[in-house]
Amino acid sequence: EKGGFDWFMRKEIFEQPRAIADALLGRHDEAGQLQLDEVRISDDELRDIDKIIIIGCGTAHYAGLVAKYAIEHWTRIPCEVELAHEFRYRDPILTRNTLVVAISQSGETADTLMAIRHAVKQRARVLAICNTNGSTIPRESDAVIYTHAGPEIGVASTKGFLTQLIACYLLGLYLAQVRGTKFGDEIAGVVRELAQMPANVQTILDDAESVYALAQRFQGTRSVLFLGRHAGYPVALEGALKLKELAYIHAEGFAAGELKHGPIALIEEGLPVFCVVPPRGRDQLHDKMISAIQEVRARGALTIVLAEASDTEVAAYADVLIGLPTVPTLLQPVVATVPLQLFACELATLIGHDVDQPRNLAKSVTVE
Ligand code: M6R
C-alpha cells in the first residue's frame with residue numbers, strides 16, 4: 001500500500017509530479033486558454049467581485065498566502081488571507097461581491113467549515129479548493145476547484161499543498177481571463193510554465209539523496225530557522241511547520257525583511273537557517289534576499305540556501321546550496337517546498353518518530 005516506501009508521507013512526496021499533472025488536466029486548452037467548468041459562478045458575477053478573502057488553516061493557509069501574491073498581481077483584485085478561525089470570530093466585512101476562497105485538503109476542517117457557514121450567511125460567494133470529493137466544505141460552497149491529488153494519508157500535507165497552489169494559480173489566471181486584466185498570451189505563458197512543473201518537481205526528487213544527507217548532518221539540531229521573501233515567505237513558514245509537526249524541533253519561518261526587527265537576535269554560531277532565494281529577475285527581491293543571508297551568516301548562522309541551480313552569485317553565501325529549477329517567482333513555491341518536505345520527513349525518520357502519525361495530531365481536525 002505504501003508502494004515500497006517506508007511512510008505514506010514519503011510516497012506522497014514522490015507522487016507530486018503526477019498529482020500536479022492531474023490538477024492541471026483538462027483545465028486549459030492547447031492555446032493556454034483556461035477552462036474551469038466546475039466554477040459555477042457566472043462570468044458576470046466573477047467580473048463583479050471586488051474583494052477576495054482566502055481562508056484556511058495550517059498548510060492550507062500558507063497556500064493562501066502564496067495565492068495572494070499571484071491573484072493580486074494577475075487580477076488587481078484586493079485579496080486578504082486569513083486563518084479560518086480568526087476570520088470567523090472577528091465580524092469580517094462581506095458583501096455579495098466578496099469572493100471567499102476556502103482552502104482545505106480534507107474538506108472537513110471544522111474551523112474552515114464554520115468560517116464558510118458564516119460567509120454564506122452574509123451572502124458572500126464561496127469557492128472551495130479541496131481535495132476530497134463530496135466532503136462538507138465543497139458541498140456547502142457555491143463552487144469548487146478539486147485539487148485531484150488523490151488520497152493523502154500522511155498527517156503532514158505534501159501533495160495536498162502543492163496541488164492547492166496549482167488550483168490557486170488556475171483560479172487567479174481564470175479570473176484574469178474573465179476580467180481581461182491580462183492578455184491571453186501572458187496567461188498562456190504562465191500556463192506553459194505550470195505545465196513544466198511536474199518535470200521541475202521531478203528533478204528535485206531525483207536529487208533527494210542530497211537532502212537526506214543534509215538531514216543526517218543536522219540530526220542533533222534543536223532549532224532551525226527559515227527565511228523567505230514574497231512568495232518565498234510562505235515557503236519558509238511551510239518548511240518550519242513540517243519540521244515542528246514531524247521532528248518536534250523548534251522551527252520558525254520569517255519574512256527576511258523582519259530579521260532586523262527582532263528575530264536576528266536568535267542567530268548564534270552554527271544555527272541552521274534555510275534561505276529561500278527568489279529567481280534572479282528584474283526586481284530587487286533577489287538582492288535583498290542575498291543581503292539577509294549575508295547578515296545571518298556574519299552572525300555565525302549556517303546557511304542552507306535554496307536558489308536557482310544556475311545562480312552563481314548566491315553560491316558564495318551558501319554553506320549548503322540546494323539547486324532549484326528556473327521558474328517564475330510566483331510559481332517558485334511549487335519547487336522550493338519540495339526539499340523542505342524531504343528534509344523534514346528524513347530528519348523525523350532518523351530521530352525515530354512516526355512520520356505518518358505525529359504525536360497530538362489528527363489528519364483532519366473536525367473540532368473547532
Ligand atoms: O484538511 P485541511 O487542509 O483543512 O487541513 C488544514 C490543516 O489542519 C493542515 O494543513 C495541517 O496544518 C497539516 N497537518 C500540515 O501538514
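## Exercises on a predicted model

**Exercise 1.** Now for rings with rings. How many aromatic pairs does a search of the whole structure find, and which residues do ring pairs link into a cluster?

*Solution.* Start with the count: the search turns up five aromatic pairs. Next, follow the links from ring to ring, and you get a cluster made of Phe218, Phe226, Phe274 and Phe343.

**Exercise 2.** Work out what surrounds the ligand: how many residues are there, and which are the closest?

*Solution.* Step one, count the shell: 14 residues surround the ligand, with Ser104, Gln105, Ser106, Thr109 and Glu245 the closest. Step two, sort the shell by type: seven of its residues are polar, five nonpolar and two charged. Step three, ask about helices: α4 (58–75) and α12 (232–247) each bring at least two residues to the shell.

Step four, check the ligand's oxygen atoms. On the backbone side, a polar atom of Gln105 is 2.6 Å from a ligand oxygen, and a backbone N or O atom of Ser157 is 2.9 Å from an oxygen of the ligand. Finish with the cover: on its own the ligand has 410 Å² of accessible area, and the protein covers 89% of that.

**Exercise 3.** Is Ser223 buried or exposed, and which side chain does its own side chain contact?

*Solution.* First place the residue: Ser223 belongs to strand β6 (residues 223–228). Its relative accessibility is 18%, and the cut-off for buried is under 20%, so Ser223 counts as buried. As for the partner, the Ser223 side chain makes a polar contact with the side chain of His250, at 2.8 Å.

**Exercise 4.** Why does Phe8 count as buried, and how far is its C-alpha atom from that of Gly154?

*Solution.* Phe8 sits in helix α1 (residues 8–14). It counts as buried because its relative accessible area is 14%, using that under-20% cut-off again. Then compare chain and space: Phe8 and Gly154 are 146 residues apart along the chain, yet their C-alpha atoms are separated by 5.4 Å.

How values were computed:
Residues are numbered from 1 along each chain as its sequence is written. This is a predicted model: local features need pLDDT of at least 70, side-chain atom pairs count only at pLDDT 80 or more; totals for chains, interfaces and linings use all residues. Side-chain values use heavy atoms; hydrogens and water are left out. A residue is near a molecule or strand if one of its heavy atoms lies within 4 Å of it. A polar contact is a pair of N or O atoms within 3.5 Å; within protein, one must be able to donate a hydrogen and the other to accept it, and residues adjacent in sequence count only if both atoms are side-chain atoms. Accessible areas come from the Shrake-Rupley method with a 1.4 Å probe; for residues, only the protein chains shown count as cover. Helices (H or I, at least four residues) and strands (E, at least two) are DSSP runs, numbered from the N terminus. Ala, Val, Leu, Ile, Met, Phe, Trp, Tyr, Cys and Pro count as nonpolar, Asp, Glu, Lys and Arg as charged, and the others, Gly among them, as polar. Rings of Phe, Tyr and Trp (its six-membered ring) pair if their centres lie within 6.5 Å; planes under 30 degrees apart count as stacked, over 60 as edge-to-face and the rest as tilted. Buried means under 20% relative accessible area, exposed over 50%, partly exposed in between (1.4 Å probe, protein chains only).
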